Amino acid sequence: MPNGVDADLYGRAICGPKPVELEALPGPIAGYTGSLHEDRIDAALIEYLSSKGNFTQVFVGPDYLGAATRRRLRSLPNVVFIPTQPYNRLPAFLSAFDVCCIPHVVSPFTNSLDPIKAYEYLASGKPVVSVDVDGIAPLADHIDIAAGPEDFLEKIRLALRGEGKSDPQSRIFAARQHSWQRRTDEIFSYIYAALEKK
């Protein structure tokens, strides 16, 4: 069963106050929420975006990076790390992002994932830019998928100009098709079908 999203929770934050952690940051903001792992985060892509992009990259979540990678990324002037937040605060961060990003390294591991953040990003209505991993393909109508660092940067720039794929209402509607309630209903349908066969 794929992941899902609490669309109502993320929807309520759309017009909420900006988290205090972001108030002093220069915009625009390209944001990420989730765990930071060596086998998930593409450090070279983040460095490239830092050197070429006129925006702040914000990463919200637990940091499990190795010491060397952590030093590399934390030394970048326009990259900000915010520690783990309570789940109910995450929608406010997404609401304050100008574009949401999935800068994963592309590997068999990341191709095996169904990124829950993709559903959460869409539920916020914000434009989404991702690397080309298998779990994003079902959402490709609403997520800009980049083929390499240069394309990732260009798609962020397009999204910041309001020229990204889809629009806020369509993204929110798409996320609602993947709500946890719909996932629950689908699970029950399989259970009932199995019981009827008995």
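Select phenylalanine 81 and show its neighbours: leaving aside residues up to four places away in sequence, phenylalanine 81 touches Leu36, Phe59, Leu73 and Arg74, where contact means heavy atoms within 4.5 Å. The model is a predicted one, in which local features need pLDDT of at least 70 and side-chain atom pairs count only at pLDDT 80 or more, while totals for chains, interfaces and linings use all residues. Residues are numbered from 1 along each chain as its sequence is written, and side-chain values use heavy atoms, with hydrogens and water left out.

Phenylalanine 81 belongs to strand S3, residues 79-82. Helices (H or I, at least four residues) and strands (E, at least two) are DSSP runs, numbered from the N terminus. With a relative accessible area of 16%, phenylalanine 81 is buried; buried means under 20% relative accessible area, exposed over 50%, and partly exposed in between, with a 1.4 Å probe and protein chains only. Aspartate 63 and phenylalanine 81 are 18 residues apart in sequence, and their C-alpha atoms are 8.6 Å apart in space.

**The whole chain**

Now display the entire chain, which has nine helices and six strands. Along the principal axes, its C-alpha atoms fill a box of roughly 60 × 35 × 30 Å. The radius of gyration is 17 Å, which agrees with the value near 16 Å that a compact globule of 198 residues would have. That radius is taken over C-alpha atoms, and the globule rule is 2.2 Å times the number of residues to the power 0.38. Of the 198 residues, 46% count as buried. Among contacts between residues at least 6 apart in sequence, 73% join residues at least 24 apart.

**Helix H2 and its two partners**

Select helix H2 (residues 43-52) together with helix H3 (residues 67-74): their axes come within 10 Å and cross at roughly 10°. Axes are lines fitted to C-alpha atoms, for helices over the stretch in contact, and angles run from 0 to 180 degrees between N-to-C directions. H2 and H3 are therefore roughly parallel to each other; angles under 35 degrees count as roughly parallel, over 145 as roughly antiparallel, 65 to 115 as roughly perpendicular and the rest as oblique. The crossing of these two helices, H2 and H3, is left-handed, a term used if the near helix is turned anticlockwise from the far one by less than a right angle, with right-handed used if clockwise. To see the contact, show Ala43, Ala44, Ile46 and Glu47 of H2 with Thr69, Arg72 and Leu73 of H3. By class, this contact of H2 with H3 has four nonpolar, one polar and two charged residues. Here Ala, Val, Leu, Ile, Met, Phe, Trp, Tyr, Cys and Pro count as nonpolar, Asp, Glu, Lys and Arg as charged, and the others, Gly among them, as polar.

H2 passes H7 in a right-handed crossing. On the H2 side, select Leu45, Tyr48, Leu49 and Lys52; they meet Pro149, Glu150, Phe152, Leu153, Ile156 and Arg157 in H7. The contact of H2 with H7 divides into seven nonpolar, no polar and three charged residues.

**Helices H6 and H8**

Move to helix H6 (residues 116-123) and helix H8 (residues 168-176), which pack at an angle of about 135° with their axes 7 Å apart. H6 and H8 are therefore oblique to each other, and H6 passes H8 in a left-handed crossing. Show Tyr119, Leu122 and Ala123 in H6, which meet Arg171, Ile172 and Ala175 in H8. The residues of this contact of H6 with H8 comprise five nonpolar, no polar and one charged. H6 is mostly covered, with seven of its eight residues buried; among them are Lys117 and Glu120.

**Backbone stops**

Most residues other than glycine have a negative phi, and most peptide bonds are trans. Select glycine 27 and proline 28: the peptide bond between them is cis, with omega near -5°. Proline 28 lies in the loop between helix H1 (7-12) and strand S1 (29-33). Glycine 125, which follows H6, has a positive phi, near 85°. Finally, select serine 166, in the loop between helix H7 (149-160) and H8. Serine 166 has a positive phi, near 70°, in a residue other than glycine, and at 25% relative accessibility serine 166 counts as partly exposed.
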